[in-house]
Amino acid sequence: GQIVYSITEETERGASVGNIAKDLGIDAATLSARKFRMITGSSKQYFNINASTGALSVNEPIDREQLCELKSVCLLNYELVLESPLELYRMEFKVLDINDNSPSFPLSEYHINMPEFLSPGARFTLPTAQDLDEGANSVQNYTLSPDEHFYLEMQIRGDGSKYPELVLKKALDREQQATHRLVLTAKDGGNPPKSGDVPVIVTVLDTNDNAPEFEHSVYRASILENSPSGTLVVQVHATDLDEGPNGEVRYSFSNTTSADLQRMFSIHPHTGEVTVNGVLAVQRPLLEMLIEARDNGAFGMSSTAKLLVEITDVNNHGPEITITSLSSPIPEDAVPGTVIALLSILDKDPGENGKVTCQISENLPFQLKPSLQNYYSLVTSGLLDRELISEYNITITATDLGSPPLTTQKTVWVQISDVNDNPPVFGADAFNVFVEENNPLGAFLYQVSASDPDIGENGRVSYTLRNSTVAGSALTSFLSMNLANGSIYAKRAFDFEQLRSFHFQVEAKDNGSPALSAATTVNVYISDQNDNAPAILYPISQNGSVAVEVVPRLADEDYLVTKVVADDEDNAQNAWLSYHLTHSSDSTLFQLSPHTGELRTTRSMRSTDFLKHKVVVVVQDHGDPPLSSTVTVGILLADTLPQALPDFDDSGEPLPLLNATNIYLIVSLACVSFIFVAFIFFLAVVRL
């Protein structure tokens, strides 16, 4: 928005001008928090804003004439910049003139030479006064001190400007009075009016009674502002009706022409050619000079003409880009339309040469939007992603409409700050971990890792185990985790025979606000070690006794004596079992299948075979190193199951054929045989 204030010059310091917060509809309490500041191109800060109330007051008295010189309208332009959000208000102060300057003449006194033979009605141009005030406060009229020979008359030039002329009212007589002292007074129209005067000394001469006369009272010319030194502006010409030296005319700038203009231009004293003498360093499009033509008479006569020079602008000023405000870095989640910077783009050339177009590259997520006059806002036009592009170098190109056009570029460096918009990412959805059983406590198992493209705390990842149970127990009783690097450690030794595998989830969480997280599954597979010897299930020995198998006395060949049955809790080759016969009381009688554990006879039983045998069977796995178990089997040859099993001692001696029953039979047979032999002997004796 824009607001206009009016203030008279020389207003004292601290005087109230208005209330900027009330006039612009801003909450005065937020001015300080929003870091308000006033920006102006002036070298002085003429106004103050009270941060608490928004009251606008005079900080420095303004001298309108010093600030704006001869401009008819004196304006001061300020910009009020507020942040959070970024806003710009334009303030225009119109400085009103007061009658604080008196008219003044360039010289302390003026001299006029008049021939005594001049007739009444002869005219002489008088100097014009200057008044720095404007309008009614500037010079309005002139008066001349009373004199019987002269009076004052105002004349109008072709451009409408007025100037005073001294008119001869009565013929002069040098012999009676050679010098006349007059006072020329200039008055302005202020209230009360102010005035200034200058002495005008008239010297009466009795020669050269014709003054040079210009062909035109006003000369007009137009030149380019970059015209080089020596460029012809115009040629003036004046004629003098006198003859000889009194008719020879010399040209010069009038004393009323400012010294600056006399340095910029030069005039040839004989030809009247006005040329450029230096750099045309002026801001005004129209320059005004007075040229004087004076003859070479003993008492030279003169006249003046006005020269108006129009300076035609050329496109010799490139646009000027000023960064008024810049917000950097900006968060990557800034919505489209967020204001990044406020730019001021000015071109000192007037007209089309001073009109500027402004643009940036099209492949950027930014755009320029016109704001107030000569201001542009740099705003976001798309979504930002710091992980893709963390900073931008935005080149702003300003081109004026001159011919040829001039271009200025300025680069704005905008950094993108990080927001927590990316969760951690694991390298895989699941990880497989293999660990041998009987691991030591605290053994390192695996390290999971998640990456987060955010930076700082938003990208710092910590790891935790999600609550779960394994085999009825809490996961934390099995495992521990390093929160910083994701390393997983065992808190107990695993037993393959009790737990072969389990899985759990690891959560990775960043340190942003709010925090983002992701999870992955870790599968733990416990590999077997050969830590279990084979367990013999059959035959079973109780209390250290030998297991006994009863085999028929006359069993056939390949008779199944028994089958050794064993089991190994280990897995794979650690549980592959083989059976070996390490001891047998008769190695020719029994054989053992190494794969099935079947103990069979190798031949048919004989009556001469011992009745009691003992074999030792070793059951061995295929682990590295292998583990084994043994079982001792006692074999009894009998057709019926005896009431009491014999003892199988460690001597391994076979059981003898004579037992109690056999002894009775043998004794009976021996007695019968003895009686039979005795009877035969008796018969023989009787017969003989």
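**Exercise 1.** Classify E60 by its relative accessible area, and then find its salt-bridge partner and where the two residues lie in the chain.

*Solution.* E60 has a relative accessible area of 26% and is therefore partly exposed, where buried means under 20%, exposed over 50% and partly exposed in between, with a 1.4 Å probe and protein chains only. This is a predicted model, in which local features need pLDDT of at least 70 and side-chain atom pairs count only at pLDDT 80 or more, while totals for chains, interfaces and linings use all residues. Residues are numbered from 1 along each chain as its sequence is written, and side-chain values use heavy atoms, with hydrogens and water left out.

The partner is R13, whose side chain forms a salt bridge with that of E60 at 3.3 Å, N to O; the term requires a side-chain nitrogen of Lys or Arg within 4 Å of a carboxyl oxygen of Asp or Glu. R13 lies in the loop between β1 (2-8) and β2 (16-19), and E60 in the loop between β5 (55-58) and α2 (64-68), so that the pair, 47 residues apart, links distant parts of the chain. R13 itself is exposed, at 52% relative accessibility.

**Exercise 2.** Determine whether D609 and R603, which form a salt bridge, are buried or exposed.

*Solution.* The N to O distance between these side chains is 3.2 Å. D609 is buried, at 7% relative accessible area, and R603 is buried as well, at 17%. Elsewhere, salt bridges with shared partners join R123, E153 and E165 into one network.

Methods. Helix = DSSP H or I, 4+ residues; strand = E, 2+ residues; numbered from the N terminus.
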